[in-house]
Amino acid sequence: INMNCYGSKPREFLSKVPSGLLPVLEVHNADGTSDIVTESMDIMLLLEDLCPAETSLLSIATNTAASALGSQEAVSNFARECLQAERQLAGAWLNYLRGNNGRNFSNRGAQLAFESALDQVEHLLSTRSESRWFLGGAQPSLIKCVYAPFLERVEATMLYFRGSNIRAQRPRLAAWFDAMDELSLYRNSKSDVRTHARALPPQIGRCLVAPNAEKVAQTIELRPTRSLLGAVPPPVALCVEVDSKSATVNTTQEKEKKKELDEARMEAAGALLANWSAVVRDALSHAHSAEKRGGVFAALNKTMESGSDKRSEDVELALGAAFRAAVRLLTSLERIPSGREEPRVLADAAVEF
């Protein structure tokens with residue numbers, strides 16, 4: 001389901017969730033009724049309550065909280081304090097990033113409020129010196145699930161728009177980020193700085209690059225997407241280019257896995273097609289301000305540099321070709337053999353935008 005900034009939501013979704021809020025969870029009760037729950041925090045806490053104790057993400061018994069906390073009540077109280085700090089940081093971050101129509105980079109008060117909220121997170125992490133996680137357990141807790149996507153965006157936007165490294169002089173926060181990067185599930189879903197910097201403004205409002213951050217933002221724009229993501233291998237669901245010889249499926253388990261991946265790829269392609277004009281429009285807005293690109297867009301660069309009246313049309317045609325290649329890869333159940341470069345290069349270009 002797309003966000004409002006990328007187009008209208010499906011009628012069947014709005015019939016269940018009139019507010020259109022995301023994320024949303026539909027819970028089917030034993031009496032045949034169902035409940036609709038929105039807000040990610042409420043959803044996570046509800047799932048925590050519904051799951052059995054042996055899988056709890058807020059418990060000393062499951063090693064997601066330190067035994068030094070003493071009791072489950074103490075765990076809950078400290079978890080609540082961490083969640084409150086996350087909300088305070090969210091407010092301060094949004095104000096510093098988008099306040100005054102994106103110009104709050106010159107607002108010293110907004111900057112200090114943000115840094116103070118971030119220092120509070122550093123303090124909470126410092127209270128459990130026996131672990132890099134908030135609750136001090138050997139395993140990450142529910143607090144990690146709340147903070148991970150949020151701090152990832154905070155770090156990316158502060159670097160891009162403010163030229164600020166939030167890990168600097170905050171060793172406990174830096175250690176927490178390092179611990180997150182050691183989790184394969186997180187690495188495989190982690191995005192990059194440029195993607196966050198481009199995707200967030202349509203969602204949260206105008207964000208402007210501070211004068212002292214211009215060189216940092218320019219450097220990020222010029223780097224290939226794969227280098228921004230680092231040397232982390234992509235998750236198997238995203239590996240659309242495989243050798244045809246290795247595509248044979250032998251076991252029942254492998255067949256089931258292939259079926260799930262094929263269904264996921266078809267769903268992704270369907271979502272892209274359903275929101276085609278909004279996706280292309282959003283990518284087009286970035287293409288006009290992009291730096292020189294190589295590969296498949298080499299010819300396009302000349303058109304953009306020449307100031308031709310056809311620039312918008314040419315850019316849109318190139319983007320359309322790239323996204324169609326991405327859809328072609330997603331919907332090709334037999335996969336594209338590794339020797340055929342054109343579809344892969346075009347799909348890479350779509351990812352770049």
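These are my notebook entries on one predicted protein chain.

I am working with a predicted model, where local features need pLDDT of at least 70, side-chain atom pairs count only at pLDDT 80 or more, and totals for chains, interfaces and linings use all residues. Residues are numbered from 1 along each chain as its sequence is written, and side-chain values use heavy atoms, with hydrogens and water left out.

**Whole chain.** I looked up the secondary structure and found 15 helices and two strands. Helices (H or I, at least four residues) and strands (E, at least two) are DSSP runs, numbered from the N terminus. Of the 353 residues, 40% are buried. Buried means under 20% relative accessible area, exposed over 50%, and partly exposed in between (1.4 Å probe, protein chains only). The accessible surface comes to about 19500 Å², and 53% of it belongs to carbon and sulfur atoms. Areas come from the Shrake-Rupley method with a 1.4 Å probe; for residues, only the protein chains shown count as cover. I then checked contacts (heavy atoms within 4.5 Å). Among those between residues at least 6 apart in sequence, 65% join residues at least 24 apart.

**L97.** I found L97 in helix α3, residues 72–102. L97 is buried, because its relative accessible area is 0%. Leaving aside neighbours within four places in sequence, its contacts include T157, M158, F161 and R162, and also I204, R206 and C207. I also checked C-alpha atoms: L97 and G205 are 108 residues apart along the chain, yet separated by 9.2 Å.

**L22 and P23.** L22 sits in the loop between α1 (11–16) and β1 (24–28). P23 is in the loop between α1 and β1 too. The peptide bond from L22 to P23 is cis, with omega near -5 degrees. L22 is partly exposed, at 37% relative accessible area. With I1 and M3, L22 makes a nonpolar surface patch of about 270 Å². Patch residues have over 30% relative accessible area and no salt bridge; like charges are joined within 9 Å, nonpolar side chains (Val, Leu, Ile, Met, Phe, Trp, Tyr) within 5 Å. A salt bridge is a side-chain nitrogen of Lys or Arg within 4 Å of a carboxyl oxygen of Asp or Glu.

**Positive phi.** I looked up E39 and found a positive phi of about 75 degrees, although E39 is not a glycine. E39 lies in the loop between β2 (34–38) and α2 (40–50). E39 is partly exposed, at 45% relative accessibility. Q169 is not a glycine either, and has a positive phi of about 65 degrees. Q169 lies in the loop between α5 (142–162) and α6 (171–181). At 81% relative accessibility, Q169 counts as exposed.
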